[in-house]
Amino acid sequence: MAAPSSSRPVPRTPVGSRSAWQSARVVAIFVLPYLVLALFWVFANPAMAAPDEPDHLVKAVGMARLDIGVPAPPAPEGSKLGTVRNASISRVVEIPARLDPTGYACFYFTPEVTAACQPAPSSAEGDRAVTTTLGAYPPFLYPPLGWVASLGASVTQATILARLLVLAASTLLLWLACDHLVRWLGPRALVGPALLLTPMGIFCMGILNTSAVEILGALGMAGVVVVYARHPDSLTERRTLVVVLVSGTALVLSRQLGLVTMALLTMLLLALGAWRPILDQLRRRCPVMVAAVAVPVAATLAVAGWELVFDHPVLLGPWASRESLDGFQVIFWQLIHEGVGWFGWLDVRPPDLVNDVWFAAVVLVVALACLVGDHRDRTVIVGVLLVALAVIYVTYSRVFFPVNGGIQGRHVLPILSVVPVWAGVVLVERLPRTWLVRGVRVAAALLPLVVAAGLYLNSQRYAVGLDPAVGLRWFVPDAQWSPPGGWYLWLAVGLSGCVGLGVTWVRTLARTDR
């Protein structure tokens, strides 16, 4: 691949006290509505109302004591394939009895059951042995979550506290990624992050899970790649290396696929020619560059070592086969809709037509970028899409197909992160400015409605349940479960976040100045 050109249409924003303040102001405006919407998910979504949240809580609280637990017993004979697989990677952990989440996911895949089914807070003392199916997950991000969760007096309090820490980490990673793009390429370069942070991406920022760290760590590294392609001197700046250090390490430590995503983004960066400034600074023993290389490498070795020692699932499938390819084709559109926004335990599903609006926007941006971009732009976008699709398929075939499971939409957002970011920058560079402004304004009117639909549907589901015969209705007066502060408060917060999203996009992405 050709070395990056320094004569790109978008000039580098000068680095200085004034430009730093201007960048921070733009980033703050952009990040604020995401923070507001994630706060909605922290408080207005019941405890344990997110994928595998009970298991994440048990693992986190156990890791607060640096206890990885002991292997769980095998599944009973005749169990479902998924149960057999889960048992092979589960561990039994001692946690405070008051934080045992057993029974809190009583609404699991029963949309007519409200969150009022959850048990009363436990006053039990002492410890209790609880099984987590995430026993084989890399444990490195869990101790801080567990320390914070252990401060809670109940399962609900522990969940909210841990979610707030996830939100804090997510906001930091989002800020670093956006600040890097804005300082080097200008505010309109945030088109890509706006598309990548689907309603599912925002949902992940407010749940007890490591998915948001993975998604936003990948966003930071994708920003470094895209900026380097336009400005090779960016890798000689200390703040760029801080983004690599923080975002890259977070991405690697998040989960197993995070390591694969980091490898893909690193290889792309090196293929663009970044090995030259990296080697030059390593030879000169630049402390920040040494740290930016050494810490993610150490994290990679730690995750690889953990996988070799502890992660030995049974019932693994083929790397590829005709049968698994047929199965992948069946779940492909489901994967897309999940990536846009299925909530709860992925059983709160807005109409496909709603999520298709967001997907259509992504397809339009990527297709236009391939049309108006140069040969290198098309090569990177199409190449990354093909490699990502191959990784997603192999993961499905190897891990999920043999147990009749499905890889989830939130799992694939990180490895695809560089595509919308790169495509968005190409459009900013190549499209007539009036076209870009009009497109952003249309998106700012439509896409926040997709976010709002998910918020409201999830709220109704846990307050009064979902009846397919009735559909959406005003549920607040009949709510059987309400979040702290009541539904009026949190629906207002969610609405303000959606409105803020549209206003922010217009102010930052549809700017008419140069």
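Student: At 6% relative accessibility, does Phe328 count as buried or exposed?

Tutor: This is a predicted model, where local features need pLDDT of at least 70 and side-chain atom pairs count only at pLDDT 80 or more, while totals for chains, interfaces and linings use all residues. Residues are numbered from 1 along each chain as its sequence is written, and side-chain values use heavy atoms, leaving out hydrogens and water. Now the cut-offs: buried means under 20% relative accessible area, exposed over 50%, and partly exposed in between (1.4 Å probe, protein chains only). At 6% relative accessibility, Phe328 counts as buried.

Student: How many aromatic pairs does a search of the whole structure find?

Tutor: Rings of Phe, Tyr and Trp (its six-membered ring) pair if their centres lie within 6.5 Å; planes under 30 degrees apart are stacked, over 60 edge-to-face, and the rest tilted. Searching the whole structure with that rule gives a total of 22.

Student: What kind of aromatic pair do Phe203 and Phe343 form?

Tutor: Phe203 is in helix α7 and Phe343 in the loop between α12 and α13, 140 residues apart; helices (H or I, at least four residues) and strands (E, at least two) are DSSP runs, numbered from the N terminus. Phe203 counts as buried at 1% relative accessibility, and so does Phe343, also at 1%. Their centres are 5.4 Å apart with 75° between the planes, making the pair edge-to-face.

Student: And what is the distance between the ring centres of Phe328 and Phe332?

Tutor: These two are four residues apart in helix α12, so about one helical turn separates them. Phe332 is partly exposed, at 30%. Their planes are at 65°, so the pair is edge-to-face, with a distance between centres of 6.2 Å.

Student: Which residue has its charged end over the ring of Trp422?

Tutor: A charge sits over a ring if NZ of Lys or CZ of Arg is within 6 Å of the ring centre and within 35 degrees of the ring normal. Here the charged end is 4.9 Å from the centre of the Trp422 ring, and it belongs to Arg230.
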